[in-house]
Amino acid sequence: MTVSTGRRTPRADCTAGPGGGITFDLDLGRREDEEAPELLLRLRGAKGKGKGDGDTVRLQLSPLRDGRLRAVLPGTLEPAEGRWDVYLREPGAQDGEAVAVEPGIRDLRLLVDQVPQSGRIAVRIPYPTLDGRLAVRCWLRTPHAEAGPVTFDGLGMTVGGTLYGTGLGAGARVEARAPGADGRVLRVPVTGDGEEGTFAFTLPLDELADGAVTEPRLWTLWLIPGTAEDGPAGGVRISRILDDVWDRKKIFVYPGRSTGEGSRATPCYTTDNDLCVRLEPEPAP
């Protein structure tokens with residue numbers, strides 16, 4: 001629920017800083033003696049919003065010399081992974097009366113070609129939603145496998161990347177996992193440079209098909225470092241998050257390959273920027 005405050009629609013200019021920090025600047029046309037409102041970041045889809053249970057981040061707005069107000073999301077803060085909607089709450093108003101903030105200028109230059117300085121990966125990208133509101137996409141990964149180029153040789157899909165937060169052991173491999181509790185797993189070896197942290201693997205796309213494919217299936221890709229730090233759920237999700245693209249699904253589009261089993265395999269990214277392979281019935285000629 002939102003209510004009208006009788007003021008101009010709040011709009012925030014955002015500057016992404018190193019280490020996941022974001023600066024929000026707002027021009028609300030307020031007098032200097034007025035009490036400043038605060039920004040609320042709400043985790044989308046979370047239960048119990050506004051009850052202090054970690055689903056809401058509160059940022060105090062402070063006046064600048066030019067009359068604008070500024071709030072800072074520090075890089076040391078660790079909001080949960082997901083999409084956080086940005087709201088403005090006036091002094092004395094309830095959380096449910098906060099109004100959505102619109103996106104202004106977004107300076108994301110420092111997010112391009114990031115090189116993390118530690119194993120802890122904290123990425124926050126402010127972005128405009130489809131209905132014109134401001135939101136922040138957050139990732140927290142330790143360790144993290146950053147996907148790089150995807151190339152093809154026949155039915156082989158080769159992926160290069162960089163591993164942060166751990167190294168590759170003798171048993172390093174990549175697992176392509178089919179959906180479902182009893183889904184199949186295809187394992188392939190990984191090569192890499194321990195000093196540079198780079199890795200590469202080739203996935204035979206024709207081996208993903210097991211008989212006739214009747215409906216689309218999304219195979220997820222996991223890097224198993226083969227060390228004591230294999231990561232949660234026995235692997236590190238292969239994703240691409242170290243730049244300024246908050247949703248790669250419709251931007252990074254790869255060609256599909258016929259597997260010869262009446263199906264087609266196509267590398268793709270999800271809306272969470274996770275690298276996958278979509279297996280679906282071969283379209284009719």
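In which loop is arginine 248 found? The legends below, drawn from a predicted model, begin with the overall chain and then turn to this residue and other sites.

**Figure 1. Overall composition of the predicted protein chain.** The chain contains 22 strands and 0 helices. Of its 285 residues, 46% count as buried. The accessible surface comes to about 14,300 Å², and carbon and sulfur atoms account for 49% of this area. Among contacts between residues at least 6 apart in sequence, 61% join residues at least 24 apart.

**Figure 2. Surroundings of arginine 248.** Arginine 248 is found in the loop between strand 19 (236–239) and strand 20 (257–258). With a relative accessible area of 1%, arginine 248 is buried. Leaving aside neighbours within four places in sequence, its contacts are Arg240, Asp243, Tyr269, Thr270 and Asn273. One of these contacts, Tyr269, is likewise a buried residue, with a relative accessible area of 1%.

**Figure 3. Stacked pair of tyrosine 127 and tryptophan 246.** A search of the whole structure finds 3 aromatic pairs. Tyrosine 127 is buried at 4% relative accessible area, while tryptophan 246, at 24%, counts as partly exposed.

**Figure 4. Aromatic cluster of Phe252, Tyr254 and Tyr269.** The ring centres of tyrosine 254 and tyrosine 269 are 6.5 Å apart and their planes lie at 40°, so this pair is tilted. Tyrosine 254 lies in the loop between strand 19 and strand 20 and tyrosine 269 in strand 21 (residues 263–269), so the pair ties together parts that are 15 residues apart in sequence. Tyrosine 254 is buried, with a relative accessible area of 15%; tyrosine 269 is also buried, with a value of 1%. Together with Phe252, these two tyrosines form one aromatic cluster.

**Figure 5. Nonpolar cores, with a view of phenylalanine 201.** The largest nonpolar core has 31 residues, of which Phe201, Leu203, Leu208, Leu221, Ile238 and Val277 touch the most other members. Not counting residues up to four places away in sequence, phenylalanine 201 touches Met157, Thr158, Val159, Val174, Val188, Pro189, Val190, Leu221 and Ile238. A second, separate core has 24 residues, including Ala12, Ala46, Leu59 and Val86.

Figure 6. Serine 62 stands opposite arginine 70 in strand 6.

**Figure 7. Cysteine sites.** A disulfide is a covalent bond between the sulfur atoms of two cysteines. The count for this model comes to 0 disulfides. The closest cysteine sulfur to that of cysteine 268 is in cysteine 276, at 5.4 Å, which is too far for a bond, the cut-off being 2.5 Å. Cysteine 268 is buried, with a relative accessible area of 9%. Cysteine 138 is buried too, with a relative accessible area of 1%.

How values were computed. Residues numbered from 1 in each chain as written. Predicted model: local features only at pLDDT ≥ 70, side-chain atom pairs only at ≥ 80, totals over all residues. Heavy atoms only, no water. Pairing = 2+ DSSP bridges. Helix = DSSP H or I, 4+ residues; strand = E, 2+ residues; numbered from the N terminus. Buried < 20%, exposed > 50% of the residue type's maximum accessible area, 1.4 Å probe, protein only. Contact = heavy atoms within 4.5 Å. Areas by Shrake-Rupley, 256 points an atom, 1.4 Å probe, with all protein chains shown as cover. Core = buried A, V, L, I, M, F, W, Y, C linked by side-chain atoms within 4.5 Å. Phe/Tyr/Trp six-rings, centres within 6.5 Å; stacked < 30°, edge-to-face > 60°.
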